[in-house]
Amino acid sequence: LTGEIVSRSSDKTVRIWDPETGECIRVLLGHSGSVTGVTVHPLTGEIVSGSYDSTVRIWDPQTGECVKVLQGHSLGVTGVTVRPLTGEIV
């Protein structure tokens with residue numbers, strides 16, 4: 001990402017926006033519950049999102065495709081973050 005804005009929503013989507021035009025560039029679809037957290041991976045530029053569907057998803061911002069689904073939570077994920085120096089998702 002190079003200046004775009006990433007948002008999350010209770011409509012189960014993650015969206016990438018152009019801040020200059022205000023247009024939605026891409027809609028990331030795949031979560032089956034409200035998206036509760038989103039961040040951009042500092043080393044890869046991938047988008048990481050968490051949801052009430054109990055998953056964390058990793059997205060390619062160029063294609064909008066989900067490249068990995070992390071499962072294991074028994075309840076909804078309420079936030080996501082990536083360690084800036086190591087790139088670990090926590």
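Visitor: Over how many bridges do β4 and β5 pair?
Guide: Good place to start, and note that this is a predicted model, where local features need pLDDT of at least 70, side-chain atom pairs count only at pLDDT 80 or more, and totals for chains, interfaces and linings use all residues. Residues are numbered from 1 along each chain as its sequence is written, and side-chain values use heavy atoms, with hydrogens and water left out. Strands are DSSP runs of E, at least two residues long, numbered from the N terminus, and two of them pair if DSSP finds at least two bridges between them. For β4 and β5, which pair in the antiparallel sense, the number of bridges is five.

Visitor: Which residue in β5 stands opposite V38?
Guide: β5 covers residues 47-51. Opposite V38, this strand places S49.

Visitor: Is S51 buried or exposed?
Guide: S51 lies in strand β5. It touches H31, G33, S34, V35, T36, G76 and V77, not counting residues up to four places away in sequence; contact means heavy atoms within 4.5 Å. Buried means under 20% relative accessible area, exposed over 50%, and partly exposed in between, with a 1.4 Å probe and protein chains only. Because its relative accessibility is 0%, S51 counts as buried.

Visitor: Why is one side of β1 and of β3 left without a neighbour in the sheet?
Guide: These strands belong to an open antiparallel sheet of three strands, ordered β1-β2-β3. β1 and β3 (24-28) stand at its edges, so the reason is that each has a single partner strand.

Visitor: Which residue in β3 is the bridge partner of W17?
Guide: Strand β2 (residues 14-17) runs antiparallel to β3, and four bridges join them. For W17, the partner in β3 is C24.

Visitor: How far apart in space are L1 and C66?
Guide: L1 is in the segment before β1 (5-8), and its contacts beyond four places in sequence include V6, I16 and P61. L1 and C66 are 65 residues apart in sequence, and their C-alpha to C-alpha distance is 16 Å.
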